[in-house]
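Work through the exercises below with the model open. Try each task before reading its solution.

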Amino acid sequence: MLSLPVELAHGQATACLAQLVAGVAQEPIGVVVDAAALQRFDSSALAVLLALRRSCIEADKTLEVRDMPTHLADLATLYGIEGLLPRA
């Protein structure tokens with residue numbers, strides 16, 4: 001299982017995405033990313049998750065997000081992308 005860090009804002013997005021994408025190859029066909037640790041974030045967290053989703057699609061894998069913080073789920077709904085980030 002992949003995990004999001006405690007903080008994921010614009011400054012951490014590129015490094016976080018690189019680490020997550022590198023982990024996709026080691027994951028089974030159903031990639032789960034654990035967001036339980038995520039406490040401080042901005043909309044960059046959604047951008048990272050969407051880019052990770054694209055990487056999973058390219059690798060013929062699915063992506064689910066476990067323990068997505070309520071505020072992040074609210075942002076996804078506000079932007080109309082909640083259906084792109086299914087919850088585990």
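This is a predicted model: local features need pLDDT of at least 70, side-chain atom pairs count only at pLDDT 80 or more; totals for chains, interfaces and linings use all residues.

**Exercise 1. Find which residues Pro5 touches, leaving out residues up to four places away in sequence.**

Solution. 
1. Apply the contact cut-off: heavy atoms within 4.5 Å. Pro5 then touches Cys16, Ala37 and Leu38.
2. Take the Cys16 pair. Pro5 and Cys16 are 11 residues apart in sequence. Their C-alpha atoms are 7.9 Å apart in space.
3. Place Pro5 in the fold. Pro5 sits in the loop between strand S1 (2-3) and S2. Strands are DSSP runs of E with at least two residues, helices are runs of H or I with at least four, and both are numbered from the N terminus.
4. Check accessibility. Buried means under 20% relative accessible area, exposed over 50%, and partly exposed in between, with a 1.4 Å probe and protein chains only. Pro5 has 30% and counts as partly exposed.

Residues are numbered from 1 along each chain as its sequence is written, and side-chain values use heavy atoms, with hydrogens and water left out.

**Exercise 2. Determine how many disulfides a search of the whole structure finds, and explain the result for Cys16.**

Solution. 
1. Run the search. The count is 0.
2. Look at the distance. The closest cysteine sulfur to that of Cys16 is in Cys56, 13 Å away, so the two are too far apart for a bond.
3. Compare the surroundings. Cys16 is buried at 6% relative accessible area. Cys56 is buried too, at 1%.

**Exercise 3. Locate the salt bridge of Glu7 and give the distance between the closest N and O atoms.**

Solution. 
1. Search the whole structure. There is 1 salt bridge.
2. Identify the partners. Glu7 pairs with Arg40, and the closest N and O atoms are 3.5 Å apart.
3. Glu7 is in strand S2 (residues 7-8) and Arg40 is in strand S4, 33 residues apart, which links distant parts of the chain.
4. Check accessibility. Glu7 is partly exposed at 32%. Arg40 is partly exposed at 45%.

**Exercise 4. Decide where the buried residues of H3 lie around the helix axis.**

Solution. 
1. List them. In helix H3 (residues 70-78), the buried residues are Leu72, Ala73, Leu75 and Ala76.
2. Look down the axis. The buried residues fall within an arc of 155 degrees, so they line one face of H3. The arc is that of the directions from the helix axis to the C-beta atoms.
3. Recall the geometry. An α-helix has 3.6 residues a turn, so residues three or four places apart point the same way.
4. Turn to the other side of H3. Thr70 and Leu78 are exposed there.
5. Find the packing partners. The buried residues of H3 pack against strand S4 (40-41) and helix H2 (44-58).

**Exercise 5. Describe the largest nonpolar core and name the residues with the most contacts inside it.**

Solution. 
1. Count. The largest core has 28 residues. Those with the most contacts inside it are Leu4, Leu20, Val33, Leu52, Leu72 and Leu85.
2. Assign elements. Helix H1 (10-24), strand S3 (30-34), H2, strand S5 (62-66) and H3 each give two or more residues. H2 gives the most, with 7.
3. Zoom in on Leu20. Beyond its neighbours within four places in sequence, Leu20 contacts Leu2, Ser3, Leu4, Val33, Val48 and Leu52.

**Exercise 6. Find where Asp60 and Asp67 lie, and state the phi of Asp60 and of Asp67.**

Solution. 
1. Recall the background. Most residues other than glycine have a negative phi.
2. Take Asp60. Its phi is positive, about 55 degrees. Asp60 lies in the loop between H2 and S5, and is exposed at 61%.
3. Take Asp67. Its phi is also positive, about 55 degrees. Asp67 lies in the loop between S5 and H3, and is partly exposed at 49%.

Key:
A disulfide is a pair of cysteine sulfur atoms within 2.5 Å. A salt bridge is a side-chain nitrogen of Lys or Arg within 4 Å of a carboxyl oxygen of Asp or Glu. A nonpolar core is a set of buried Ala, Val, Leu, Ile, Met, Phe, Trp, Tyr and Cys residues joined through side-chain atoms within 4.5 Å.
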